[in-house]
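Take a look at the sequence and the coordinates before reading on.

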Amino acid sequence: MSLAELTLDRWRSLDLAAAGRFADEAATQVGGRAVLLDAVEHLGRPLHRVLVEREGRRFALVPGGSVRLGFDLDAWEPTPAQAADYAESVEEGYGYGHEDLKAYLADVLSPPRTATLATVLMAVEDEALTEPVAAMPAALAAHGLRIPGADEWEHACGAGAGTLFRWGNECPLDEPSYGSGGVRHRPNAFGLRIAYDSYGTELSGDPGAVHGGDGGEAVCGGYGDLLGWLPLATANRNPYAAEFTYGPDGEGMYEEFSTRPVLSLR
């Protein structure tokens, strides 16, 4: 089995020594070095985490295979607090015309589906764009890097969890979705610092989506507590924020956006 073909299920079945061999192989392939191998409890089972350092960046190993993506609204019900908060937002004229929270989420989240993804190394931190959006693929390719696909980003964020957020279905409505501290800033199951600040706007290969934040639109606009947190939802594609980002109004603001460089494995 090549590294690119390593599945998340197979990765979960490995002992520490075998995981270490995969970590060393991945680091060797990309000309880096493995700097961390540990394990965390995830979805009721241990999950190994690997970090590889290369040219000043740290990358996390993201095993792929056949993975479930999107958010299943039929299997979810909002908490009373979430429903009440959204109702207040609707009364204030927010929610893009959707009276019902599930209808709103159906508009902004990706649907349930299965995708087959290669195992990759993905940057632990997102990085501000240094070139206009159209020029970034070439700028990254010069260093052997690329922009993640939208499905890759979503899988890397959720790590197989089917919950609304990478940490669960609820968010602390009495805390801000931006700034420092809180559950948002804990590394995820793969070791990524991801979906951590609603003022972020991460780009992928899908011009119809942005990830991990909405540039602060919901917070600055006073849309409500839940709507301020939902840009951090794993499956949130933010089509309205994407329309701005990739449109003429966002063209000159590229330095306000970020992406998460990826190293392909073979």
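## Ground rules and surface

Accessible areas here come from the Shrake-Rupley method with a 1.4 Å probe, and for residues only the protein chains shown count as cover. On that basis, the protein exposes about 11800 Å², and carbon and sulfur atoms supply 50% of it.

A word on provenance: this is a predicted model, in which local features need pLDDT of at least 70, side-chain atom pairs count only at pLDDT 80 or more, and totals for chains, interfaces and linings use all residues. Residues are numbered from 1 along each chain as its sequence is written, and side-chain values use heavy atoms, with hydrogens and water left out.

## Overall shape

The radius of gyration is taken over C-alpha atoms, and the globule rule used for comparison is 2.2 Å times the number of residues to the power 0.38. For 266 residues a compact globule would come out near 18 Å, and the protein has 18 Å, so the two agree. The C-alpha trace spans about 55 × 45 × 30 Å along its principal axes.

Helices (H or I, at least four residues) and strands (E, at least two) are DSSP runs, numbered from the N terminus. By that count the protein has nine helices and eleven strands. As for burial, buried means under 20% relative accessible area, exposed over 50%, and partly exposed in between (1.4 Å probe, protein chains only). Of the 266 residues, 51% count as buried. Contact means heavy atoms within 4.5 Å; among contacts between residues at least 6 apart in sequence, 72% join residues at least 24 apart.

## Helix α2

Helix α2 covers residues 16–30, and its 15 residues reach 21 Å from first C-alpha to last, close to the 21 Å expected at 1.5 Å a residue. That expected span is 1.5 Å times one less than the number of residues. What buries this helix? The cover over its buried residues includes α1 (8–13), β1 (33–42), β2 (45–54), β3 (57–62), β6 (120–123) and β11 (262–264). Among the buried residues of α2 are Ala 18, Ala 19, Gly 20, Phe 22 and Gln 29.

Both ends have something to look at. A polar contact is a pair of N or O atoms within 3.5 Å; within protein, one must be able to donate a hydrogen and the other to accept it, and residues adjacent in sequence count only if both atoms are side-chain atoms. At the start of α2, a side-chain oxygen of Asp 15 comes within 3.3 Å of the backbone nitrogen of Ala 17. Further along, a polar side-chain atom of Gln 29 sits 2.9 Å from the backbone oxygen of Arg 266. Leaving out residues up to four places away in sequence, Gln 29 touches Leu 3, Leu 265 and Arg 266. Just after the helix, Gly 31 takes a positive phi of about 75°.

## Arg 49 in strand β2

Arg 49 lies in strand β2 and is buried, at a relative accessible area of 15%. A polar atom of the Arg 49 side chain is 3.4 Å from the backbone oxygen of Asn 188. Not counting residues up to four places away in sequence, the residues touched by Arg 49 include Leu 36, Asp 38, Val 40, Pro 187, Asn 188 and Phe 190.

Helix α6 (residues 150–158) is mostly covered, with eight of its nine residues buried. Those include Trp 153, His 155 and Cys 157. Ala 159 comes next, in the loop between α6 and β8 (202–203); this alanine is buried, at 1% relative accessibility.

Most residues other than glycine have a negative phi. Ala 159 has a positive phi, near 55°. Tyr 96 also has a positive phi, near 55°. Tyr 96 is found in the loop between α3 (80–91) and α4 (101–108), and is partly exposed, with a relative accessible area of 36%.

## Cysteines

How many disulfides does a search of the whole structure find? The search finds zero, with a disulfide being a pair of cysteine sulfur atoms within 2.5 Å. For Cys 157, the nearest cysteine sulfur is that of Cys 171, 14 Å away. Cys 157 is buried, with a relative accessible area of 1%. The sulfur of Cys 220 is 18 Å from its closest cysteine sulfur, in Cys 171, so it is too far for a bond. Cys 220 counts as exposed, at 59% relative accessibility.
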